[in-house]
Amino acid sequence: MSKKLFSMRKTKVLGAGVLAAAITLAGFAVAQSVTNLRGADVDEPVTTAEIPGTVDRRMQRNYRQQPPLIPHSIDQYQMDLKVNQCLACHDWTKAGERDAPTLSMTHYLDRDGAELDHIAGTRYFCNQCHVPQADALPLVDNIFQPSSTD
Ligand code: HEC
Ligand code: HEC
């Protein structure tokens with residue numbers, strides 16, 4: 001009985017293998033004859049728009065409470081549980097010698113409002129709120145107006 005079962009399984013496994021090979025081959029044959037979504041041949045080199053570079057100047061805030069955009073590239077700055085390189089320039093202990101703006105004092109308040117000497121855990125991952133700015137056109141129209149400028 002168990003021997004029979006075993007050989008049945010073997011047949012099934014073999015069958016699945018053959019099927020997979022057939023699908024792969026069929027896929028290959030199809031791929032040879034399709035064009036991509038733009039109607040071009042799949043082998044045609046794709047030209048894409050250049051990735052917009054970082055804007056290295058401060059930008060106007062869109063509303064008073066907005067986390068300021070980052071006016072420099074952050075590609076090289078490690079930020080994880082162990083290291084936060086942003087603090088090497090922006091923490092109050094370093095900002096003077098690095099000639100960088102000091103973290104806002106709100107970043108040194110814990111969730112109960114107590115003042116800390118080090119960055120609050122709630123502000124540790126800077127790019128939850130701050131993002132580098134790129135000189136790119138908006139992807140969708142935006143008619144946002146801050147409530148207090150009228
Ligand atoms: C090597 C030093 C250095 C490091 C590291 C650094 N910054 Fe900066 N950052 C600066 C300097 C200098 C300025 C001011 C630039 C200016 O005013 O043109 C600045 C400006 C900013 C501002 C704008 C502040 C404002 O009031 O407009 C933000 C936000 C900021 N950085 C966030 C970050 C974040 C987030 C990181 C980490 C991913 C980081 N920075 C890493 C030096 C640094
Ligand atoms: C939860 C959102 C949040 C996080 C996380 C956060 N920030 Fe901010 N940050 C803000 C907001 C909002 C402001 C402007 C209002 C204020 O001063 O609190 C600000 C202001 C700043 C400023 C301008 C200070 C000034 O006086 O011009 C700097 C520099 C800055 N943040 C850097 C950082 C860095 C570096 C980190 C990570 C260590 C960080 N922030 C994490 C929201 C955040």
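Trainee: Into which classes do the residues lining the largest pocket divide?

Mentor: Ala, Val, Leu, Ile, Met, Phe, Trp, Tyr, Cys and Pro count as nonpolar, Asp, Glu, Lys and Arg as charged, and the others, Gly among them, as polar. In this predicted model, the largest pocket is lined by 37 residues. By class, that lining comprises 19 nonpolar, 14 polar and four charged residues.

Trainee: Where in the protein chain is confidence lowest?

Mentor: The chain averages a pLDDT of 82, and 77% of its residues score at least 70. Helix α2 (residues 87–90) has the highest confidence, at 98. Where pLDDT is low, the predicted coordinates should not be read in detail. The lowest confidence, at a mean of 55, is in helix α1 (residues 2–33).

Trainee: Which pocket holds ligand 2, and what is the volume of that pocket?

Mentor: Ligand 2 sits in the largest pocket. The space taken by ligand 1 is likewise the largest pocket. Residues nearest the centre of this pocket are Pro68, Leu69, His90, Pro101 and His130. Its volume is about 960 Å³.

Trainee: Which residues come nearest to ligand 1?

Mentor: The shell around ligand 1 has twelve nonpolar, four polar and two charged residues. A polar side-chain atom of His90 lies 2.8 Å from a nitrogen atom of the ligand, and one of His72 lies 2.9 Å from a nitrogen atom of ligand 1. Arg58 places a polar side-chain atom 3.0 Å from an oxygen atom of ligand 1. Of the 18 residues around ligand 1, those that come nearest are Arg58, His72, Cys86, Cys89 and His90.

Trainee: Which residues come nearest to ligand 2?

Mentor: The shell of ligand 2 holds eleven nonpolar, ten polar and two charged residues. An N or O atom in the side chain of His107 is 2.7 Å from a nitrogen atom of ligand 2, and a polar side-chain atom of His130 lies 2.8 Å from a nitrogen atom of this ligand. Thr106 has a polar side-chain atom 2.7 Å from an oxygen atom of ligand 2. Of the 23 residues around ligand 2, the nearest are Thr106, His107, Cys126, Cys129 and His130.

Trainee: How many charged residues line the second largest pocket?

Mentor: The second largest pocket has a volume of about 290 Å³. Its lining includes Asn62, Leu69, Val131, Gln133, Asn142 and Phe144. By class, this lining has eight nonpolar residues, three polar and, as to charged residues, none.

How values were computed: Residues numbered from 1 in each chain as written. Chains lettered and ligands numbered in written order. Predicted model: local features only at pLDDT ≥ 70, side-chain atom pairs only at ≥ 80, totals over all residues. Heavy atoms only, no water. pLDDT = per-residue confidence, 0-100. Helix = DSSP H or I, 4+ residues; strand = E, 2+ residues; numbered from the N terminus. Near = heavy atom within 4 Å. Polar contact = N/O pair within 3.5 Å; in protein donor to acceptor, adjacent residues only side chain to side chain. 1 Å grid on protein atoms, 1.4 Å probe; cavity = no way out; pocket = protein on both sides within 12 Å on 5 of 7 lines; lining within 4 Å. Sits in = over half its atoms within 2 Å of the grid points. Points joined across faces, edges and corners; volume = space filled by probe spheres on them.
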